[in-house]
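Biologist: Let us go through this structure together. I will ask how you know each thing, and you give me the value and the rule.

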Amino acid sequence: MSGIPLHDVDAARAADQALRDHAGQARHWHLADLFAEDAERFQRLSLSACGLLADFSKQRLNPETLDKLRGLAHARGLDAWMRCLFEGGEVNWTEGRAAMHWRLREPGREEGKDDPVRDQLARMERMVTRILSGQWRGCEGDAITDVVNVGVGGSDLGPLMASVALHEHRPANGQRPRLHFVSSMDGSQIVPLLDELNPATTLIVLSSKSFTTVDTLSNAATARYWLEQAFPDRNGAVLRCHFIGVSAMPERMSEWGIHEDNQLLFWEWVGGRYSLWSTIGLPIALTIGMDGFRELLAGAHDLDRHFREAPWEANLPVLMGLVDVWNLNYLDITARAVLPYDGRLKHWPAYVEQLEMESNGKSVDRDGELVDYHTCPVIWGEVGPNAQHAFYQLLHQGTQPVACEFIAAARHGLDGNSAELRPLEEQHSLTLANCLAQSRLLALGDRALDDDGDTPAYKRYRGNQPSTTLLMDELTPRHLGALVALYEHKVFVQAVLWGINPFDQWGVEMGKKIAKDMIRVLESGEGSDGLDASTRALAGYIRAQQSS
């Protein structure tokens, strides 16, 4: 753990106690009163950077709260940790490596210098150009019309989220293929999909950092069998013409049969959930073209610079991280709903769930000690208009506090004939109106309404549910890049304050290992004697049903 920044333990304890005392007062605040008392509340508690506006004024805090939170961040050594991150220090100390996903979006790489990031980006561009131009051909000479991305976790959620979000942004040249995503290991996604596709015009992208993930490799085997059955006399050409591999393990891709020319690489210092900026982003590049992909990288780099250079009072990731810590650790709000008011961001909640809960769902600090405080809220969400008809009843009139996060684009940014697009512009305005109305009602409750006081209890709204509203100027590759980088850095800020490692995920590993042993139990019953009564009985029931 050499080179790891230390923090001032005594100062951190003092800052924590000051926040606890302050929270004792804040528990009696109501957001309606805070707005009534301060006409400048929005101006004091909102911030713009990189085409993003963050409004924290509907959070149950005031400028003094943020001062105290910054005091805690200073005592916990956030400034030193930020330097360590961007200097390539060993911030992922349990695995003994740096976390340098931010390097993937650095511009201005010089020709003639050994630069694996630049080289892999150029390699990906050549593949993208061949596919979009129709030059990539299947084993019988047909141009590719469909690309299936096979991956799971970070190899699926990031590319899926961004490809759907940016679907309206087309490549400048060529014809993009239809994109499909497969992640479920049970075959329920890939089998019906392959039934609909033409094997002669289908390209399979296998994305796995380790290239050992059973979910991905089981689907890969199914796709390989499908193609080899379709072209029994062209087995060698099938692998050469219909498979691309993306991994940090080239030797394992080669062992599986993927030709070296069809391999894209990334590196151990890129965590899976931070990897969409790498060659894992191939589906994104196929959706928006390489120029669009570079805009995505540029937006993230804009936010990287902001995070590194802006003072904490005007630093978006720092403020977002502090606000989340305040809600979880001092107001005891243990859940957060992520609510994009834009159908293009329908996969954003799932992406954020992985990014935050896999990163910060930890219970051991950097000293190897069990923590005695929460380190991550439970995160869930849905596209806002759908959520209004699903779980907003709980948000408005339920019994537990939930912090909310509203995300929307101020402009839709539609292209085309204005007369044709007017209905869509009206729909976008309707969606934004719902976004603002819901956050207002959650904050102010009955005081947002014309209420004569005679409303029965079951129709009343208590309000005081805290929320942050994030507005992008427009949903473009550059703005989405900035938004994703904002959340990545916010997660890091939180981890520093909680004293945990956000870049490992040991909790994911053991379940996968036990699952391998469980296969033998399900097939023959061998090894069931050592199981608990519940698992043994369930496995027996499954075996009986499968043999009947």
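Modeller: First, a ground rule: this is a predicted model, where local features need pLDDT of at least 70, side-chain atom pairs count only at pLDDT 80 or more, and totals for chains, interfaces and linings use all residues. Residues are numbered from 1 along each chain as its sequence is written, and side-chain values use heavy atoms, with hydrogens and water left out.
In the protein, residues 24 or more positions apart account for 74% of the contacts with a separation of 6 or more. Contact means heavy atoms within 4.5 Å.

Biologist: How many helices and strands are in the protein?

Modeller: The protein has 20 helices and eleven strands. Both are DSSP runs, numbered from the N terminus: helices are H or I with at least four residues, strands are E with at least two.

Biologist: What makes C435 buried or exposed?

Modeller: Buried means under 20% relative accessible area, exposed over 50%, and partly exposed in between (1.4 Å probe, protein chains only). C435 has 1% relative accessibility, so C435 counts as buried. C376 has a relative accessible area of 19%, so C376 is buried too.

Biologist: And what makes R123 partly exposed?

Modeller: Its relative accessible area is 23%, so R123 falls in the partly exposed class. R123 sits in helix α6 (residues 116-132). Leaving aside neighbours within four places in sequence, R123 is in contact with E260, D261, N262, Q263 and L264.

Biologist: Why is helix α7 called mostly covered?

Modeller: Eight of the nine residues in α7 (residues 157-165) are buried. Among them are L157, G158 and P159. The buried residues of α7 pack against β4 (178-182), α12 (282-309), α14 (348-360) and α18 (477-498).

Biologist: How many disulfides does a search of the whole structure find?

Modeller: The search finds zero. A disulfide is a pair of cysteine sulfur atoms within 2.5 Å.
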